[in-house]
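Okay, thanks for coming, everyone. Let me put the thing up on the screen and then we'll walk through a few parts of it.

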Amino acid sequence: MTDPPAETLRGLVLLHRRISGLAAADDGPVAVTRLLAAQLGAVAAVVSADESRTVLAASAPGVDETRAAAVLRAELAEPRWCRVLDAVHRGGRAVRVPGRGTWVRVVVPVEVAGENAAVLVAEEDPAHRSRPAALDGSAADDVLLLAAEHAATIVGVLLGRERVLAAAAGQVRDDLLSGLLLGRARSTSEAAQWAEHLGLDVPGARVLVLVPDGASGAGLLATARDRLARLVPDVPAVLRDSELVAVVPEGVDPGELAERVASGLVRGGGPWPLTVGLGRAVDDLAGLARSYDQARRTVEAARRLGREGRLVRFEDLGVHRLLLQVPDPEDARVFAREVLGRLVDGSSERAGELVRTLARYFREDGSPQRTARALRVHPNTVGYRLRRAEELSGLVLDHYSDRLAAQVALEILGYMDDATDGADTP
């Protein structure tokens with residue numbers, strides 16, 4: 001590229017000033033593409049650098065911008081264009097490539113915060129271009145590249161500003177949602193204003209809490225939040241410490257949503273890398289804080305019970321809601337082992353079979369016949385096992401207090417869940 005003559009240089013300086021003046025434009029990158037189209041008669045566009053190739057702005061002389069964007073999207077689908085855009089993104093340098101017929105295209109990377117966030121595309125037909133005389137002299141072929149490079153710098157400023165504003169708006173939304181979940185609004189009317197700003201539809205909503213099970217932590221939760229936003233864009237969600245919290249509206253199935261979010265975080269259908277707690281549905285804004293507390297306590301209960309890597313609903317916890325009040329989980333387990341005695345201390349043969357039969361017996365509301373059918377054994381076998389369980393544990397199942405203690409102990413140790421998993425072999 002040769003140095004432009006003085007007249008062209010003055011024209012470029014004026015054009016650069018006009019482009020620079022758009023750094024505070026309210027309409028963002030589209031203001032830049034409009035100026036290039038108006039001043040140079042060029043087709044101009046800004047395209048995201050990711051695989052989606054989203055057209056962020058597009059303008060062309062005498063053409064509706066929606067139509068200009070549609071034409072450009074069609075061009076970007078061509079394999080050659082994909083290769084050009086990839087090369088510019090990797091190399092971080094502007095390129096000039098031939099287009100159809102006598103057209104010339106310029107592609108310039110747009111840098112935001114040290115990374116290539118987009119590309120600016122400008123194209124023209126040198127045989128039929130329409131420009132001011134100062135920009136159409138002997139160095140006219142270089143003008144498009146020089147203008148596009150400066151325009152790309154200004155687009156970077158605009159996109160950077162948009163990121164800052166979006167981040168600030170996102171932080172405000174996070175703060176408002178956190179305030180509602182923690183019940184920090186000073187009045188009902190203030191809480192209602194916060195909910196309106198968030199677009200929150202409260203009646204019937206439930207709070208969902210997702211907590212990582214391993215050391216993946218913040219990275220996993222950020223990925224989960226992005227996936228949640230793609231699946232259901234209108235669901236308010238916030239990252240709080242080591243958890244992701246979402247308010248799921250009444251029309252969305254929380255179980256299906258949790259499944260889709262969690263399954264997208266693993267490959268090959270492996271176990272979920274996080275545990276999900278679901279609070280009760282709420283009637284009003286005041287209920288959000290209760291539902292949030294329930295969801296958090298449900299995750300805690302799931303971990304105590306060895307139910308990690310799944311969705312657990314607060315209403316399904318049963319007696320474990322009370323057991324959560326015990327400060328030290330080991331105290332509860334010591335109580336359970338004392339109640340069940342030799343049934344769980346490993347000193348008796350076939351103790352596992354006996355304790356599972358006892359748990360199934362409670363599941364079947366004390367019916368030996370239903371227990372026998374569930375376990376696929378003879379009712380006499382059930383009666384024998386129950387008597388043997390009484391001998392080993394010291395329990396008397398005809399006594400109400402012993403039955404209650406035994407059921408609580410089995411719940412603490414997780415045998416009541418195991419009682420629904422399958423049948424014995426006779």
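Which residues of H3 are buried? They are Ala68, Ala69, Leu72, Glu75 and Leu76, where buried means under 20% relative accessible area, exposed over 50% and partly exposed in between, with a 1.4 Å probe and protein chains only. Seen down the axis of H3, these buried residues fall within an arc of 120°, so they line one face of the helix; the arc is taken from the directions from the helix axis to the C-beta atoms. If you want the background, an α-helix has 3.6 residues a turn, so residues three or four places apart point the same way.

Quick housekeeping. This is a predicted model, so local features need pLDDT of at least 70 and side-chain atom pairs count only at pLDDT 80 or more, while totals for chains, interfaces and linings use all residues. Numbering runs from 1 along each chain as its sequence is written, and side-chain values use heavy atoms, with hydrogens and water left out. Helices (H or I, at least four residues) and strands (E, at least two) are DSSP runs, numbered from the N terminus.

Back to H3, residues 65–76. What does its buried side pack against? That would be strands E1 (43–48), E2 (55–59), E4 (104–112) and E5 (115–124), plus helix H4 (79–91), with contact meaning heavy atoms within 4.5 Å. Turned away from that buried side you get the exposed residues Thr66, Arg67 and Ala74. At the start of H3, a side-chain oxygen of Asp64 comes to within 2.9 Å of the backbone nitrogen of Thr66.

Next, the cores. A nonpolar core here is a set of buried Ala, Val, Leu, Ile, Met, Phe, Trp, Tyr and Cys residues joined through side-chain atoms within 4.5 Å. The largest one has 33 residues, and those with the most contacts inside it are Val32, Leu36, Leu40, Val110 and Leu120. At least two residues each come from helix H1 (6–20), helix H2 (29–40), E1, E4, E5 and helix H5 (140–181). H5 gives the most, with 12 residues. There's also a second, separate core of 26 residues, which includes Ala336, Val339, Leu358 and Ile412.

Leu358 brings us to H12, residues 351–363, where it is one of the buried residues. How many of the 13 residues of H12 are buried? It's 10, so to speak a mostly covered helix. H12 reaches 18 Å from first C-alpha to last, close to the 18 Å expected at 1.5 Å a residue; the expected span is 1.5 Å times one less than the number of residues. After H12 comes Asp365, with a positive phi near 55°.

Tyr361 and Phe362 are both buried. Their ring centres are 5.9 Å apart and their planes sit at 50°, so the pair is tilted. The rule: rings of Phe, Tyr and Trp (its six-membered ring) pair if their centres lie within 6.5 Å, with planes under 30 degrees apart stacked, over 60 edge-to-face and the rest tilted.

Last stop. Ser291, in helix H9 (286–304), is buried at a relative accessible area of 1%. Pro203 sits in the loop between helix H6 (188–198) and strand E6 (206–212) and is partly exposed, at 47%. Leaving aside residues up to four places away in sequence, Pro203 touches Glu250, Val282 and Asp283, and Val282 is also among the contacts of Ser291.

Notes
Polar contact = N/O pair within 3.5 Å; in protein donor to acceptor, adjacent residues only side chain to side chain.
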